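Let us walk through this structure one step at a time. Keep the 3D view open as you read.

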Amino acid sequence: MNKSTFLRLGAVALVAVLVFAWYRYRQPRFIVGDRAPDFEVTLADGQRARLSDLNGKYVLLHFWGSWCGPCRAENPSLVAIYQQYHGQGFEIFSIGIERNPNAWKRAIQQDELSWRYHAIETGDFAGGTSKLFNIKAIPATFLLNPEGDIMGVNLSPEQIEKTLAERLAGR
């Protein structure tokens with residue numbers, strides 16, 4: 001093998017390692033089957049809430065931002081899912097990753113995010129809950145069963161709706 005071929009193979013290997021490392025860095029810390037860790041935050045209404053307050057319900061832990069186009073695009077679907085399944089034991093717990101609290105509040109109103117559990121973390125994924133879950137990109141979601149176990153990570157709204165339909169049928 002000549003020197004230039006060896007250098008090319010080395011460069012390809014280095015790029016592959018860097019791509020893999022970047023991929024792993026951006027992955028949420030928890031996967032399907034893990035127990036979601038408990039946390040406590042201050043909600044938009046000023047009250048304190050813990051994730052464990054929702055034990056016994058199906059919960060969508062939803063990391064999003066008012067500035068995030070894909071987040072805003074999926075919000076109408078999440079609103080429809082919430083309206084359909086809230087009365088059957090489903091709740092959404094949203095964590096806004098924000099620099100501008102006023103934009104966050106406006107987005108909640110504009111997108112008609114009617115659930116109670118809204119918290120904000122300022123900065124670029126530097127908040128305690130974002131760090132706990134290793135959130136590096138949004139939207140990011142974790143669908144939890146009533147025991148607090150993760151049933152799905154980064155599911156599409158269609159997958160969330162399908163899972164809830166299967167689990168909550170007849171409730």
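pLDDT is the predictor's confidence in each residue, on a scale from 0 to 100. You need that score here, as this is a predicted model. Among the elements of the chain, strand β3 has the highest mean pLDDT, 98. Helix α1, residues 3-25, has the lowest, 56. Over residues 18-27 the pLDDT falls below 50. Beyond near neighbours in sequence, that stretch has six contacts in the model. The average for the chain is 88, and 84% of the residues score at least 70.

Now take in the overall layout. The chain has five helices and seven strands. Read from the N terminus, the order of elements is α-β-β-β-α-β-α-β-α-β-β-α. The chain holds 171 residues, and 43% of them are buried. Take the contacts with a separation of 6 or more: 71% of these join residues 24 or more positions apart.

Start with strand β4. How many of its residues are buried? Nine of the nine are, so β4 is largely enclosed by the rest of the structure. In β4, Phe 90, Ile 92, Ser 94, Gly 96 and Glu 98 point one way. Glu 91, Phe 93, Ile 95 and Ile 97 point the other way. Residues on both sides are buried.

Next, look at the partners of β4. Strand β3 runs parallel to β4, and seven bridges join the two. Find His 62, which stands opposite Ser 94 in β4. Strand β5 also pairs with β4 in the parallel sense, over six bridges. Here Ser 94 stands opposite His 118 in β5. β3, α2 and β4 make a right-handed β-α-β unit. β4, α3 and β5 make a right-handed β-α-β unit as well.

Strand β3 has another partner, β6. These two pair in the antiparallel sense over five bridges. Leu 61 stands opposite Phe 142 in β6. Is β6 covered or open on its faces? Both faces are covered. Ala 140, Phe 142 and Leu 144 lie on one side, with Thr 141 and Leu 143 on the other, and all are buried.

From β6, move on to β7. Three bridges join these two strands, which run antiparallel. Leu 143 stands opposite Gly 152 in β7. The pair forms a hairpin with five residues between the strands. In the turn, Gly 148 has a positive phi of about 90°.

Now turn to the largest nonpolar core. It has 45 residues. Which of them touch the most other members? They are Phe 63, Phe 90 and Phe 93. Strands β3, β4, β5, β6 and β7 each supply at least two residues, and so do helices α2, α3 and α5. Leaving aside residues up to four places away in sequence, its contacts include Phe 39, Val 41, Leu 43, Leu 61, His 62 and Tyr 117.

Helix α5 gives you a further example, Leu 168. Leu 168 counts as buried because its relative accessibility is 0%, and the cut-off for buried is under 20%. Leu 168 touches Tyr 58, Tyr 85, Gln 88 and Phe 90, not counting residues up to four places away in sequence. Take Tyr 85 from that list. Leu 168 and Tyr 85 are 83 residues apart along the chain, yet their C-alpha atoms are separated by 7.9 Å.

Last comes a link of another kind. A disulfide is a covalent bond between the sulfur atoms of two cysteines. A search of the whole structure finds one disulfide. Which residues form the disulfide? Cys 68 and Cys 71 do, with their sulfur atoms 2.4 Å apart. The link is right-handed, with 75° about the S-S bond. Cys 68 is buried, with a relative accessible area of 4%. Cys 71 is buried too, at 0%.

Notes:
Residues are numbered from 1 along each chain as its sequence is written. This is a predicted model: local features need pLDDT of at least 70, side-chain atom pairs count only at pLDDT 80 or more; totals for chains, interfaces and linings use all residues. Side-chain values use heavy atoms; hydrogens and water are left out. A nonpolar core is a set of buried Ala, Val, Leu, Ile, Met, Phe, Trp, Tyr and Cys residues joined through side-chain atoms within 4.5 Å. Buried means under 20% relative accessible area, exposed over 50%, partly exposed in between (1.4 Å probe, protein chains only). Helices (H or I, at least four residues) and strands (E, at least two) are DSSP runs, numbered from the N terminus. Contact means heavy atoms within 4.5 Å. Two strands pair if DSSP finds at least two bridges between them. A crossover is right-handed if, with the strands pointing away from the viewer, the path from the first strand over the helix to the second runs clockwise. A disulfide is a pair of cysteine sulfur atoms within 2.5 Å.
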